[in-house]
Amino acid sequence: MKIRLVRNAKKVDKFLINYLKKQETSLLINPMKYGVISGGKKIRSTIIFDLGKIFKLSKNKLINICAAVECIHSYSLIHDDLPCMDDDAIRRGKPTTHIKFGEASAVLAGNSLLTLAFEIIANDNFIINSKSKNEIIKSLAFCSGHTGIAGGQELDLKFEKKKKSLKQIEIMQRKKTGKLFNFCFYAVGVIAKKNKKEKNVLSNLGEDVGLLFQLADDFLDVKGSKNLVGKPIKKDNKKGKSTLINLMGYEKTYKYAENLKKNILLKLKKHGKNAKDLTNTIEFILGRNF
Ligand code: GRG
């Protein structure tokens, strides 16, 4: 799994380096590269490639989607670490972007990664028909903005030190983290020319995977190693974050996550051995220590 993650991350990094090389340079290039290149697991890209295996789509057909998703993801992390949000000094084992480059540059580098994501999808080197391209752009906007990641982050901040129900916490986590996974699954469905119903099934499955990923992140905050995770741990409790662990305890939440994983894997069964890589990635998500 680790070999697969590293190989895929290198491929996406290479694409982004080449893409940025072709652009006019700017003062923001360094904080942008610092935030998105040579860092992180790039697990969302691995998931996109795993889905490509199911639908027989080459990596080159999917690389723009991967790069765009990693830009949005890294943007969200840069902003998440800002003093006005979760106020963190370490991410991926190194100083966060605002610590290294200053707050204003971090805000602007984040914004630039957001717009870069859309540019990478709109670019002529991403060869799909324009109707599909529009559909992908619309879904990425929906999953990133107030109906997705940004909206989920606002709920996460507003829920601090408040007693929230399981349902409310799940809705928040599905937006904050699940929606970008929803987009990964949906976009591959569009490229694979799936019908509306099939794309809907893929979106929902993606969001479940995203929720599982967030729960694993919450487990790491309690029991993980700071060195392996690459960021401070035991913060959720200190900050009074509304997590399922803080609501119903570690053991009960772990059972909940195991059940979610079981249901995800059950839904992948119909793809037979074509889903082997994705199945391994799902297993990795809950069992991971980084
Ligand atoms: C609209 C994109 C956008 C952002 C603005 C700040 C913000 C609103 C959202 C933050 C959302 C957030 C931080 C969700 C947590 C998701 C999560 C579990 C991140 C960790 O992902 P990994 O483990 O990180 O894939 P690496 O470092 O491996 O890339």
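Which residue has a polar side-chain atom 2.7 Å from an oxygen atom of the ligand?

1. His73 does. This is a predicted model, in which local features need pLDDT of at least 70 and side-chain atom pairs count only at pLDDT 80 or more, while totals for chains, interfaces and linings use all residues. Residues are numbered from 1 along each chain as its sequence is written, and side-chain values use heavy atoms, with hydrogens and water left out.

2. Arg44 places a polar side-chain atom 2.8 Å from an oxygen atom of the ligand. For Arg92, a side-chain N or O atom is 2.8 Å from a ligand oxygen. A polar contact here is a pair of N or O atoms within 3.5 Å.

3. The protein buries 92% of the 760 Å² that the ligand exposes when taken alone. Areas come from the Shrake-Rupley method with a 1.4 Å probe.

4. The ligand has 21 residues around it, each with a heavy atom within 4 Å. Lys41, Arg44, His73, Arg92 and Ser144 come nearest. The shell divides into six nonpolar, eight polar and seven charged residues. Its largest contributor is α4, with seven residues. Helices are DSSP runs (H or I, at least four residues), numbered from the N terminus.

5. The largest nonpolar core has 78 residues. Its members are buried (under 20% relative accessible area, 1.4 Å probe, protein chains only) and joined through side-chain atoms within 4.5 Å. Helix α9 supplies the largest share, twelve residues.

6. Phe185 is among the core residues with the most contacts inside it. Beyond four places in sequence, its contacts (heavy atoms within 4.5 Å) include Ile47, Leu51, Leu202 and Leu278.

Note on methods:
Polar contact = N/O pair within 3.5 Å; in protein donor to acceptor, adjacent residues only side chain to side chain. Helix = DSSP H or I, 4+ residues; strand = E, 2+ residues; numbered from the N terminus. Nonpolar A, V, L, I, M, F, W, Y, C, P; charged D, E, K, R; others polar. Buried < 20%, exposed > 50% of the residue type's maximum accessible area, 1.4 Å probe, protein only.
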